[in-house]
Amino acid sequence: MIAAPRRSFTVPIPGRAPLVLGPRTLVMGVINVTPDSFSDGGRAIDPLRARDIAQAMEAAGADILDIGGESTRPGAEPVGAAEELARVVPALQAIAPSVAIPISIDSYKAAVAAAALDEGAAIVNDISGFGFDPQLGALVASRGAAAILMHTRGNFETMHERTDYGDVVAEVIVELQEALKRAADCGVERTQLIIDPGLGFSKRAAHSFAVLAGLTAIAEMGLPILIGPSRKSFLASATGPLSSEDRDWATAAAITASVLAGAHIVRVHNVEKMVHVVRVADRLRLANAAS
């Protein structure tokens, strides 16, 4: 079995030990505090329930928690900052004191990210790669937070329609480089950044599979990679129609491929199962390196 070499990185995060990325693959657990999540139907909308889910994820082996208050599934209605704050702040107030692992805020709004950082988050996960809110990059720079820059195209309403590619991997790399320039122009240090090629965002199913297969080329950008195939609809193009929860087996295959291709962090919904997948994939990767 062939696994791609993987560089190691140290990403500083405020108020905590830095993230060490490379020796093993980290697992990020998803907590959606939205009523219309495609994956879990809003089961974490209650802050105390969100806290219980967070603690269970940490106990199951999650290394990072990613908390989001706005659904980005195709067709979802965007919500304003006030509504998003009303969802994520109570959840963070319940979760942050109850877990030891770092918390990421999944938002492209500077106002939401600022409040989340005040409540204990240390990482900003921006689906727009600093493309939607011009103030978000400056906030990350001033607070010294780590940031995940994801690839997408267009705005919130059009991102799932902008799927015209020639060479999808090459174009994702070029557009991620543009996100890195936006970050640098805001004063964000390169050491603060993690990139995400955005499976399922502005991509048809074939594009997402091509990006996953081309992850080694994206790794040549010289930054740590997060990837999130978990339960996404592109997987069902291979398996046939499945509910989101029934996509966990397909997710496991994509997670294994991601780890072997060089991903440093995998973002997942079912932490308990995917931690086992990652541990086996990591063992295969290390065995390949030793052979």
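Reader: Is F209 buried, partly exposed or exposed?

Author: F209 is partly exposed, at 32% relative accessibility. Buried means under 20% relative accessible area, exposed over 50%, and partly exposed in between, with a 1.4 Å probe and protein chains only. Please note that this is a predicted model, in which local features need pLDDT of at least 70 and side-chain atom pairs count only at pLDDT 80 or more, while totals for chains, interfaces and linings use all residues. Residues are numbered from 1 along each chain as its sequence is written, and side-chain values use heavy atoms, with hydrogens and water left out.

Reader: Which residue forms an aromatic pair with F209, and with what geometry?

Author: The partner is F234, with 5.0 Å from centre to centre and 80° between the planes, an edge-to-face pair. Rings of Phe, Tyr and Trp (its six-membered ring) pair if their centres lie within 6.5 Å; planes under 30 degrees apart count as stacked, over 60 as edge-to-face and the rest as tilted. F209 lies in helix α6 (residues 205-213) and F234 in helix α8 (residues 233-239), so the pair ties together parts that are 25 residues apart in sequence. Helices are DSSP runs of H or I with at least four residues, strands are runs of E with at least two, and both are numbered from the N terminus.

Reader: And F234, buried or exposed?

Author: F234 is buried, at 4% relative accessibility.

Reader: How many aromatic pairs does the structure hold?

Author: There are two. In the pair of Y108 and F132, the ring centres are 5.1 Å apart and the planes stand at 85°, so this pair is edge-to-face. Y108 lies in the loop between β5 (103-106) and α3, and F132 in the loop between β6 (123-126) and α4, so parts 24 residues apart in sequence are tied together. Y108 is buried, with a relative accessible area of 11%, whereas F132 is partly exposed at 24%.

Reader: Turning to helices, at what angle do the axes of α3 and α4 cross?

Author: The axes of α3 (residues 110-118) and α4 (residues 136-143) cross at roughly 20° and come within 9 Å. That makes α3 roughly parallel to α4 (angles under 35 degrees count as roughly parallel, over 145 as roughly antiparallel, 65 to 115 as roughly perpendicular and the rest as oblique).

Reader: Lastly, which residues does N270 touch?

Author: Not counting residues up to four places away in sequence, N270 touches R231 and D248, where contact means heavy atoms within 4.5 Å. N270 is buried, with a relative accessible area of 16%.

Terms used
Axes fitted to C-alpha atoms, helices over the stretch in contact; angles between N-to-C directions.
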